[in-house]
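Reader: I have a new structure open and would like to go through it. Can we start with the terms?

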Amino acid sequence: MLETVAIVDASDLRETILRHLTAARHERRVDLVVSLLRAAGKSRARLDLDPLHELCAESLTAWLSAPPRAADDWSIDAAVRCQCKLCGTLRAFLTARERRVLEWPLAEAGRQHIQRIIDGHELPVSHQTRKTGRPYTLVLTKREAVFKHAAARRNQWLKDLQWLRRAT
């Protein structure tokens, strides 16, 4: 799209696209923009993608300057969009650094909703239903993958930052 915008010299549209791409510095956006920069290759200069390059370099540098995840930090940063009360409880559990297990008495519809959210977001949380009492209890357990994922992300950030520095 940026190639087309450059060919037809639609600078207003180019500015709109760049403004949108630089609007948020969250992980998924930076991943997307780094991929875009890699794909642009030598065309980056012609397409004037320096603002995107700077955004990614600044974001990655900031994230890498933060200390790695502590061994007792079980928090999970997940963009759960649902605003229902159940998802509010789920978000509180996910972001709790010290909590690894949540035993949650919940009716079937609620258990299914939470399980769909966990599976749909591919969260490193196992879910089992303990079928004793009424309502049954949904048992959520944060998995060790929390730490593996964090280490893998930091490694990818480092690789991306090194690539960006070489690509200047």
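Author: Buried means under 20% relative accessible area, exposed means over 50%, and partly exposed lies in between. Note also that this is a predicted model.

Reader: Okay. Is aspartate 31 buried, exposed or partly exposed?

Author: Aspartate 31 counts as partly exposed, because its relative accessibility is 25%.

Reader: Which side chain does aspartate 31 meet in a salt bridge?

Author: That of arginine 153, at 2.9 Å from N to O. The pair links distant parts of the chain: aspartate 31 is in helix 3 (residues 27-40), arginine 153 is in helix 8 (residues 145-166), and they are 122 residues apart.

Reader: And arginine 153, buried or exposed?

Author: Buried, as the relative accessible area of arginine 153 is 13%.

Reader: Which residues are linked with Asp31 and Arg153 in a network?

Author: Glu27 is linked with Asp31 and Arg153 in a network of salt bridges.

Reader: Why would such side chains pair at all?

Author: Side chains of opposite charge can pair when their charged atoms come close.

Reader: How many salt bridges does a search of the whole structure find?

Author: Seven. One of the salt bridges joins aspartate 160 and arginine 38, with the closest N and O atoms 2.9 Å apart. This pair also links distant parts of the chain, with aspartate 160 in helix 8 and arginine 38 in helix 3, 122 residues apart.

Reader: Where do aspartate 160 and arginine 38 stand on accessibility?

Author: Aspartate 160 is buried at 5% relative accessibility. Arginine 38 is partly exposed, with a relative accessible area of 37%.

Reader: What about the strands?

Author: Glutamate 103 forms a salt bridge with arginine 130, and their closest N and O atoms are 2.9 Å apart. Glutamate 103 is in strand 1 (residues 101-105) and arginine 130 is in strand 2 (residues 125-130), so the pair ties together parts 27 residues apart in sequence. Glutamate 103 is partly exposed at 49%, and arginine 130 is partly exposed at 34%.

Reader: Switching to helix 5. Which residues are buried there?

Author: Leu52, His53, Leu55, Cys56, Ser59 and Leu60. Seen down the axis of helix 5, the buried residues fall within an arc of 160°, so they line one face of the helix.

Reader: Why can residues spaced along a helix point the same way?

Author: An α-helix has 3.6 residues a turn, so residues three or four places apart point the same way.

Reader: What span should helix 5 have?

Author: At 1.5 Å a residue, the 16 residues of helix 5 (residues 50-65) should span 22 Å. The end C-alpha atoms of helix 5 are 22 Å apart, which agrees.

Definitions and conventions: Residues numbered from 1 in each chain as written. Predicted model: local features only at pLDDT ≥ 70, side-chain atom pairs only at ≥ 80, totals over all residues. Heavy atoms only, no water. Helix = DSSP H or I, 4+ residues; strand = E, 2+ residues; numbered from the N terminus. Expected span 1.5 Å × (residues − 1). Buried < 20%, exposed > 50% of the residue type's maximum accessible area, 1.4 Å probe, protein only. Arc of directions from axis to C-beta. Salt bridge = Lys/Arg side-chain N within 4 Å of Asp/Glu carboxyl O.
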